[in-house]
Amino acid sequence: MEEQKKNPAQGLSESEQVQVRRQKLADLQAAGHDPFTLTKYPQDAYSADLKEEFKDLPNETDSGKHVALAGRMMSKRVMGKASFAHLRDDKGDIQLYVRRDELGEESYAAFKKLDVGDIIGVKGEVFRTKTGELSVRATELTLLAKSLRPLPEKFHGLTDTEMRYRQRYVDLIANPEVKDTFVKRSQILKEIRAYLDEKGFLEVDTPILTPFEIGASARPFYTHHNSLNMDMVLRIETELYLKRLIVGGMDRVYEVGRIFRNEGMDPKHNPEFTTIELYQAFTDFHGMMDLVEELYKRLALKVCGTAVITYQGQEIDLRRGHWTRITYYDALEKIGGHKPEFYNDYAKVRSYLLERGEKVQEGESLAKMHSQLFDLDVEEKLIQPTFVYEYPIEISPLSRRNNETPEIVDRYELFITGREMGNAFSELNDPIDQRGRFEEQMAERAAGDDEAHCMDEDFLRALEYGMPPAAGQGIGIDRLAMLLTDSASIREVILFPLLRPEV
């Protein structure tokens with residue numbers, strides 16, 4: 001049953017207001033004025049464009065320009081023979097001045113019966129009032145769609161967080177700044193594509209349904225293909241298919257795509273999210289660092305107007321040349337405060353992790369415990385853009401070994417605002433080494449690690465045909481959008497985040 005909350009402005013519960021609006025619609029339909037039979041409207045102007053065009057129009061002056069606007073009526077103030085309203089279109093709000101003498105008695109009476117939230121079309125002349133507000137003097141007004149539910153209370157908007165995410169359509173109506181976030185998200189994707197296209201990259205699509213989980217350490221979502229009578233998974237990465245294309249001679253490729261991981265939810269994680277992965281032949285992970293610095297600076301300038309941005313009260317400098325580059329083990333020591341004599345002592349590290357409340361499996365490798373140390377004592381301190389590179393090989397099964405130190409790989413992760421923002425490495429193109437890494441992963445899987453990699457025989461076959469030296473980069477679009485829109489939660493930058501079913 002709907003909540004019977006009283007609306008102070010109207011003295012009616014929400015369900016009573018719905019009944020009143022439904023009756024208004026029925027009356028219109030009975031009179032032959034069903035708004036839902038209209039299929040189009042000759043909209044020829046937008047609020048923001050008019051405000052820019054007539055920004056210098058003096059007070060109490062007509063512009064001489066007649067326009068047709070369309071949008072949602074967000075307020076209405078009836079004052080006898082003249083009334084005011086505000087219309088919200090795709091670019092903002094503008095005031096409407098509605099007079100009985102201009103509109104006609106019948107149309108003015110119809111206007112007075114309209115409700116806040118109705119979709120309307122308005123024709124009239126642009127002018128500026130004596131108080132300085134740019135307005136449209138209505139000469140014709142058309143109801144285009146009847147709103148049968150009242151909007152959230154005018155001065156409070158929609159503030160319930162879960163309801164905002166569940167009813168994003170109302171959130172967008174009640175909170176205009178939410179739309180700005182998603183406009184910026186769209187700008188981010190558009191600019192990334194433009195940048196990569198300029199660099200000679202080709203956008204491609206790879207399968208979402210795969211025969212087994214490949215390319216990352218994560219738990220998948222399972223489904224079943226009826227015609228083939230086989231279980232399949234929703235992809236957890238795009239990596240191995242894109243590297244097949246490098247083998248095939250497509251030297252620069254990228255994909256923007258949805259990724260699905262059957263894992264927990266928190267302000268930084270959603271089970272389905274968007275990434276961009278890009279791969280370039282004949283470069284290494286240092287080349288990817290340079291590319292990412294250049295890309296992030298360009299995105300910040302485009303979306304925020306500056307490369308020095310503010311995120312949750314902290315100033316973040318995204319200008320090129322201001323990014324830190326530090327090795328993984330130097331970060332453990334210099335940022336995490338752990339000396340080599342400590343982090344190389346298996347018993348001490350294990351005891352420390354257990355004291356900190358971490359789960360440590362029996363027989364866990366020292367390198368994997370180092371990863372836990374890093375997560376505990378380093379990651380959250382990496383506020384300014386930081387590349388952490390040269391990771392242990394045990395936690396990087398697809399990365400190329402470092403030539404001087406075979407126990408580490410040529411891989412980096414990018415951290416900003418204390419969270420991981422991207423992952424990249426020089427690609428492993430030795431099929432024999434890759435098979436051995438897969439076999440180690442399979443052994444870990446058999447020992448109970450359900451996030452270990454599966455064997456991908458077709459990918460190994462591709463490598464055996466020969467893959468050139470290459471590097472790849474993955475970037476989480478949602479976290480990038482959080483950074484550039486100053487959003488604290490990933491749910492603020494996903495239009496329809498996953499939620500439990502409504503009870």
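A: E294 counts as partly exposed because its relative accessibility is 26%, where buried means under 20% relative accessible area, exposed means over 50%, and partly exposed lies in between (1.4 Å probe, protein chains only). The model is predicted, so local features need pLDDT of at least 70 and side-chain atom pairs count only at pLDDT 80 or more, while totals for chains, interfaces and linings use all residues. Residues are numbered from 1 along each chain as its sequence is written, and side-chain values use heavy atoms, with hydrogens and water left out.

E294 sits in helix 9, which covers residues 285-304; helices (H or I, at least four residues) and strands (E, at least two) are DSSP runs, numbered from the N terminus. Leaving out residues up to four places away in sequence, E294 touches Y195, K199 and R320, a contact being heavy atoms within 4.5 Å. T159 is 135 residues from E294 in sequence, and their C-alpha atoms are 38 Å apart.

Two other surface sites can be set beside this residue. E394, E407, E439 and E440 gather in a surface patch of negative charge. Patches are made of residues with over 30% relative accessible area and no salt bridge, with like charges joined within 9 Å and nonpolar side chains (Val, Leu, Ile, Met, Phe, Trp, Tyr) within 5 Å. A salt bridge is a side-chain nitrogen of Lys or Arg within 4 Å of a carboxyl oxygen of Asp or Glu. E407 is exposed because its relative accessible area is 52%.

The other site is nonpolar: L172, L495 and F496 form a surface patch with about 270 Å² of accessible area together (Shrake-Rupley method, 1.4 Å probe). L495 is in the segment after helix 16 (477-485), and its relative accessible area of 36% is why it counts as partly exposed.

As for the whole chain, there are 16 helices and 20 strands. Buried residues account for 47% of the 503 residues. The C-alpha trace spans about 85 × 50 × 50 Å along its principal axes. Of the contacts between residues at least 6 apart in sequence, 65% join residues at least 24 apart. The accessible surface is about 25,100 Å², and 49% of this belongs to carbon and sulfur atoms. The chain carries 68 positive and 88 negative side chains, the centres of the two sets being 7 Å apart (Lys and Arg positive, Asp and Glu negative, His and chain ends not counted).

Key: The place of a charge is taken as NZ of Lys, CZ of Arg, CG of Asp or CD of Glu.
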